[in-house]
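Please keep the sequence and the model at hand while reading.

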Amino acid sequence: MKRYAKYKDSGISWIGEVPEHWEIMRAKYMFVKEKREIRDCDEVITCFRDGEVTLRKNRRTTGFTESLTEVGYQGIRKNDLVIHQMDAFAGAIGVSDSDGKGTSVYHCCTPMGDYNVFYYSNLLRTMAKKGFIQSLYRGIRERSSDFNFQIFSKQYLVIPPLSEQKAIADFLDKKTAQINELVAAKKKQIELLKEYKQAVIAKAVTQGINPKAKMKDSGITWIGQIPEHWNIKRIASLFVENKQINKDFAYKKAFQFKYGNLVPKNEIGNDEEYRETYVKYTVLNQNDIVFNGLNLNYDFVSQRVAISPESGIITSAYIAITPRNKVNAFFYSLLFKTMDNKKMLHGMGSGIRLTLSFCDLKSQLIPIPPLPEQEQIVAYIKEKVDSIDSQITSVEKQIANLNEFKQSLISDAVTGKIKVA
């Protein structure tokens, strides 16, 4: 894109050179912090890290810390420039799209002259993305900042002519919308690939990989037909609950669930500091299968089954099962993951919190292919999943590149490195 004819040093470290005709001024001479009373009709507004400032109900209603008395709440009006005092470093800066109310942690600013709030929203978010707000850190939380209004008001900002401010804001609104649309399409592509991966696994572990195999009714509602030569048995016929407790503190490597896998806990300090807790944990054998059967009624993402990569320990609140006979543990971990994905575990839990136990699991019927076929199915799934995961990684890189390009475009436009008007 074109550049301006002449540039000058802005004197602002995170901006560098700017067009020669742009002015420089402290924020305190440009914006005033409003202090408004709230009205009975005002609904809660939230300033998100992606720069959207909107009524909370427009995005989500859960996952927030609720204030019962709304102490310190203030009125927010449409087109206020809103800066989140503690999360500004992460980009929580934007223009409100609604009237409403918000906590006192927000700076609700209005311009004192010819300043386009949409342009300055992009400029301040660029300041954040470049790490400058973080460099002004005065808070006590790691990766946070106390970007209070006094600190903000001391910052020097560039001032293009108002017509250029509007042109830049309009240009970015159009271009970022186009990029966001591309990103959304690629995210949808990833979701479809993930759904396809689950479907590939589900079909292989319940119907096999031989399309010419004769089929029979399994008698299992969520599975349907299975190859004629497969058997059907209860889970208890193949697996026994692992109740071995780490009472002598022989094992010190503790695992935790993370997105359907078991990963080591990153504990800090001496092993002895965890003795009192770890002596109550269950000892895991390599290839034990673990179920997180807690709070099934609060499950948002079904990733409650994992296989132990090596010996270790895990909280006894989980269910650990060990094969009775020679089976391919990976095959059954994939079968149980399929049960989880189909929400079959949810109907088995008991109690107010729907907690799953081995007693709930052990009578469930599952298909039993011959061991060599289990191994063939696992190898087939690995090859297919590796290919799908490679495609997902490729699309994720495309998304990262698009987001990087978007941020670069915003930065270059608001700091005058490119001429858009």
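How many bridges join strand E8 to strand E11, and in which sense do the two strands run? Four bridges join strand E8 (residues 81–84) to strand E11 (residues 106–111), and the two run antiparallel.

## Basis of the description

The model is predicted, so that local features need pLDDT of at least 70 and side-chain atom pairs count only at pLDDT 80 or more, while totals for chains, interfaces and linings use all residues. Residues are numbered from 1 along each chain as its sequence is written, and side-chain values use heavy atoms, with hydrogens and water left out.

Helices (H or I, at least four residues) and strands (E, at least two) are DSSP runs numbered from the N terminus, and two strands pair if DSSP finds at least two bridges between them.

## The sheet with E8 and E11

Strands E8 and E11 belong to an open sheet of four strands, ordered E4-E11-E8-E9 and paired in the antiparallel sense. Its edge strands are E4 (31–33) and E9 (93–95), each of which pairs on one side only, and the twist from one strand to the next averages 30°. Angles run from 0 to 180 degrees between N-to-C directions, the axes being lines fitted to C-alpha atoms, for helices over the stretch in contact.

Three bridges connect strand E20 (residues 289–291) with strand E23 (residues 319–323) in the antiparallel sense, and Phe291 stands opposite Ile319 in E23.

## H7 against H9

Two packed helices are described by the angle between their axes and the distance between the axes. For H7 and helix H9 (residues 371–414) the angle is about 65° and the axes lie 8 Å apart; the two helices are therefore roughly perpendicular to each other, a term that covers angles of 65 to 115 degrees.

In this contact, Phe330, Phe331, Tyr332 and Leu334 of H7 meet Gln374, Ile377, Val378 and Ile381 of H9. The residues of the contact divide into seven nonpolar, one polar and no charged, where Ala, Val, Leu, Ile, Met, Phe, Trp, Tyr, Cys and Pro count as nonpolar, Asp, Glu, Lys and Arg as charged, and the others, Gly among them, as polar.

## Two residues of H9

Ile377 lies in helix H9 and is buried, with a relative accessible area of 0%; buried means under 20% relative accessible area (1.4 Å probe, protein chains only). Leaving aside neighbours within four places in sequence, Ile377 is in contact with Ala204, Val205, Gly208, Ile209, Trp230 and Phe331. The C-alpha atoms of Ile377 and Phe330 are separated by 9.8 Å, the two residues being 47 residues apart along the chain.

Ser411 is also found in helix H9 and is buried, with a relative accessible area of 9%. With neighbours within four places in sequence left aside, Ser411 is in contact with Thr126 and Lys130.

Technical notes:
Angles under 35 degrees count as roughly parallel, over 145 as roughly antiparallel, 65 to 115 as roughly perpendicular and the rest as oblique. Contact means heavy atoms within 4.5 Å. Buried means under 20% relative accessible area, exposed over 50%, partly exposed in between (1.4 Å probe, protein chains only).
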